Amino acid sequence: MARLSEQGIRLSSMSPSFLNSNSTSHTWPFSAVAELIDNASDPGVCAKQIWIDEVKIDDQLCLTFTDNGSGMTPNKLHKMLR
């Protein structure tokens, strides 16, 4: 059985080549933001609100994106990340 995170989600691993190809798919920061907003409005997700917050993680300022859409089941999330 797969290891679980503290939230009960099965942990996944990714190859470095996937991470590299995924990170280069958005050559402009606003295209990545636009995709997150677009994903929130996908059929079946139906988010009505999106929050963008600034947080500090390991002394780095980061943006977090949260919506009130239906989200993914833990199994769907695991399949997407593997």
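This is a predicted model: local features need pLDDT of at least 70, side-chain atom pairs count only at pLDDT 80 or more; totals for chains, interfaces and linings use all residues.
View 1. Residues are numbered from 1 along each chain as its sequence is written, and side-chain values use heavy atoms, with hydrogens and water left out. Ile52 has 46% relative accessibility, so it counts as partly exposed (buried is under 20% relative accessible area, exposed over 50%, partly exposed in between, with a 1.4 Å probe and protein chains only).

**View 2. A nonpolar surface patch of about 500 Å².** Leu36, Ile37, Ile50, Ile52, Leu63 and Phe65 make this patch. Patch residues have over 30% relative accessible area and no salt bridge, and nonpolar side chains (Val, Leu, Ile, Met, Phe, Trp, Tyr) are joined within 5 Å, like charges within 9 Å. A salt bridge here is a side-chain nitrogen of Lys or Arg within 4 Å of a carboxyl oxygen of Asp or Glu. At least two patch residues come from each of α2 (29–40), β1 (50–57) and β2 (60–67).

**View 3. Cys46 and Cys62.** Both cysteines are partly exposed: Cys46 has a relative accessible area of 49%, and Cys62 has 25%. Searching the whole structure gives 0 disulfides (pairs of cysteine sulfur atoms within 2.5 Å).

**View 4. Gln7 ahead of α1.** Gln7 lies in the segment before α1 (16–23) and, at 64% relative accessibility, counts as exposed. Its C-alpha atom is 9.6 Å from that of Pro74, 67 residues away along the chain.

Technical notes:
Helices (H or I, at least four residues) and strands (E, at least two) are DSSP runs, numbered from the N terminus. Accessible areas come from the Shrake-Rupley method with a 1.4 Å probe; for residues, only the protein chains shown count as cover.
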